[in-house]
Amino acid sequence: MTTVRFRRNGPYVIEGDDVRVVDWDGVEHTPSRNPVALCRCGASATKPFCDGSHSKSGFAPDPPNPHHPPRGESGR
Ligand code: FES
(Lines give C-alpha, C1' and ligand atoms only; values in the text may rest on other atoms or scores of the structure.)
Protein backbone atom coordinates (compact mmCIF):
# COMPACT_ATOMS: atom_id res chain seq x y z
CA MET A 1 0.00 0.00 0.00
CA THR A 2 1.13 3.53 -0.75
CA THR A 3 0.16 6.38 1.57
CA VAL A 4 0.34 10.10 0.75
CA ARG A 5 0.43 12.35 3.78
CA PHE A 6 0.07 16.12 3.77
CA ARG A 7 2.40 17.72 6.27
CA ARG A 8 0.67 20.70 7.85
CA ASN A 9 3.04 23.39 6.58
CA GLY A 10 5.35 21.24 4.55
CA PRO A 11 5.66 18.62 1.84
CA TYR A 12 3.58 15.77 0.56
CA VAL A 13 5.16 12.63 2.01
CA ILE A 14 4.73 9.41 0.05
CA GLU A 15 5.24 6.20 1.97
CA GLY A 16 5.44 3.01 -0.02
CA ASP A 17 7.65 0.64 -1.94
CA ASP A 18 8.84 1.41 -5.45
CA VAL A 19 7.64 5.04 -5.58
CA ARG A 20 8.33 6.56 -9.00
CA VAL A 21 8.53 10.35 -9.34
CA VAL A 22 7.93 11.55 -12.90
CA ASP A 23 7.62 15.23 -13.81
CA TRP A 24 5.40 16.87 -16.42
CA ASP A 25 8.05 16.34 -19.12
CA GLY A 26 8.17 12.64 -18.39
CA VAL A 27 11.56 12.87 -16.68
CA GLU A 28 11.94 10.39 -13.87
CA HIS A 29 13.59 11.67 -10.68
CA THR A 30 15.23 9.15 -8.39
CA PRO A 31 14.29 9.67 -4.75
CA SER A 32 17.25 9.53 -2.39
CA ARG A 33 15.06 8.84 0.63
CA ASN A 34 12.16 6.73 1.69
CA PRO A 35 9.58 8.03 2.45
CA VAL A 36 9.66 10.50 -0.42
CA ALA A 37 8.94 14.16 0.42
CA LEU A 38 7.68 16.29 -2.48
CA CYS A 39 7.82 20.08 -2.28
CA ARG A 40 4.50 21.90 -2.35
CA CYS A 41 5.72 25.32 -1.20
CA GLY A 42 7.80 26.08 -4.30
CA ALA A 43 10.91 27.12 -2.33
CA SER A 44 12.96 23.93 -2.60
CA ALA A 45 16.28 24.07 -4.44
CA THR A 46 15.94 20.33 -5.12
CA LYS A 47 12.47 20.25 -6.72
CA PRO A 48 10.51 18.14 -7.04
CA PHE A 49 11.82 17.04 -3.66
CA CYS A 50 11.49 18.95 -0.39
CA ASP A 51 14.76 20.29 1.01
CA GLY A 52 13.31 21.79 4.20
CA SER A 53 13.09 25.35 2.82
CA HIS A 54 9.37 25.49 3.66
CA SER A 55 10.28 26.07 7.31
CA LYS A 56 12.21 29.25 6.41
CA SER A 57 9.71 30.54 3.83
CA GLY A 58 6.76 30.61 6.23
CA PHE A 59 4.74 28.40 3.88
CA ALA A 60 1.08 28.03 4.85
CA PRO A 61 -1.17 25.94 2.58
CA ASP A 62 -4.64 26.87 1.43
CA PRO A 63 -7.35 26.16 3.98
CA PRO A 64 -8.48 22.53 4.05
CA ASN A 65 -11.42 21.37 1.97
CA PRO A 66 -14.56 22.37 3.94
CA HIS A 67 -16.34 19.25 2.66
CA HIS A 68 -13.82 17.03 4.42
CA PRO A 69 -13.41 18.23 8.02
CA PRO A 70 -10.28 17.14 9.88
CA ARG A 71 -10.42 13.85 11.68
CA GLY A 72 -12.27 14.21 14.97
CA GLU A 73 -14.26 17.26 13.88
CA SER A 74 -16.94 15.55 11.77
CA GLY A 75 -19.26 15.09 14.69
CA ARG A 76 -19.21 11.31 14.24
S1 FES B 1 7.62 21.77 0.98
FE2 FES B 1 9.58 21.58 1.82
S3 FES B 1 10.80 22.86 0.62
FE4 FES B 1 8.84 23.03 -0.24
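## Exercises on Strands, Loops and Exposure

Tyr 12 stands opposite Leu 38 in strand S5. Residues are numbered from 1 along each chain, as its sequence is written. The model is predicted: local features need pLDDT of at least 70, side-chain atom pairs count only at pLDDT 80 or more, and totals for chains, interfaces and linings use all residues.

**Exercise 1.** State which elements the protein contains and how they run from the N terminus on.

*Solution.* Step 1: recall the terms. Helices (H or I, at least four residues) and strands (E, at least two) are DSSP runs, numbered from the N terminus. Step 2: count them. The elements run β-β-β-β-β-α from the N terminus on.

**Exercise 2.** Describe the open sheet: give the order of its strands and identify the edge strands.

*Solution.* Step 1: recall that strands of a sheet pair through backbone hydrogen bonds, either parallel or antiparallel. Here two strands pair if DSSP finds at least two bridges between them. Three strands make up the open sheet, in the order S1-S2-S5, with antiparallel pairing. Step 3: find the edges. Strand S1 (3-6) and strand S5 (36-38) each pair on one side only, and these are the edge strands.

**Exercise 3.** Determine how many bridges S2 forms with S5 and with S1, and name partner residues in each pairing.

*Solution.* Step 1: take S2 with S5. Strand S2 (residues 12-15) is joined to S5 by three bridges, and the two run antiparallel. Val 13 stands opposite Ala 37 in S5. Step 2: take S1 with S2. Four bridges link this antiparallel pair; Val 4 has Ile 14 in S2 as its bridge partner. S1 and S2 form a hairpin, with five residues between them.

**Exercise 4.** Is Asp 18 buried or exposed, and why?

*Solution.* Step 1: apply the cut-offs. A residue is buried if 20 or more other C-beta atoms lie within 10 Å of its own, exposed if 12 or fewer, and partly exposed in between, with C-beta atoms placed from the backbone. Step 2: use the count. Asp 18 has 6 C-beta neighbours inside 10 Å and therefore counts as exposed. Step 3: locate the residue. Asp 18 lies in the loop between S2 and strand S3 (21-22). Its phi is near 55 degrees, a positive value in a residue other than glycine. Step 4: turn to the protein, where 8% of the 76 residues count as buried.

**Exercise 5.** Describe the surroundings of Ser 44.

*Solution.* Step 1: Ser 44 is in the loop between S5 and helix H1 (54-57). Step 2: Ser 44 counts as partly exposed because 19 C-beta neighbours lie inside 10 Å. Step 3: two residues are in contact if their C-beta atoms, placed from the backbone, lie within 7 Å. Leaving aside neighbours within four places in sequence, Ser 44 is in contact with Cys 39, Phe 49, Cys 50, Asp 51 and Ser 53.

**Exercise 6.** Where do Pro 35 and Pro 48 lie?

*Solution.* Step 1: Pro 35 is in the loop between strand S4 (28-29) and S5; the peptide bond from Asn 34 to Pro 35 is cis, with omega near 10 degrees. Step 2: Pro 48 belongs to the loop between S5 and H1, and the peptide bond leading from Lys 47 to Pro 48 is cis, with omega near 10 degrees.
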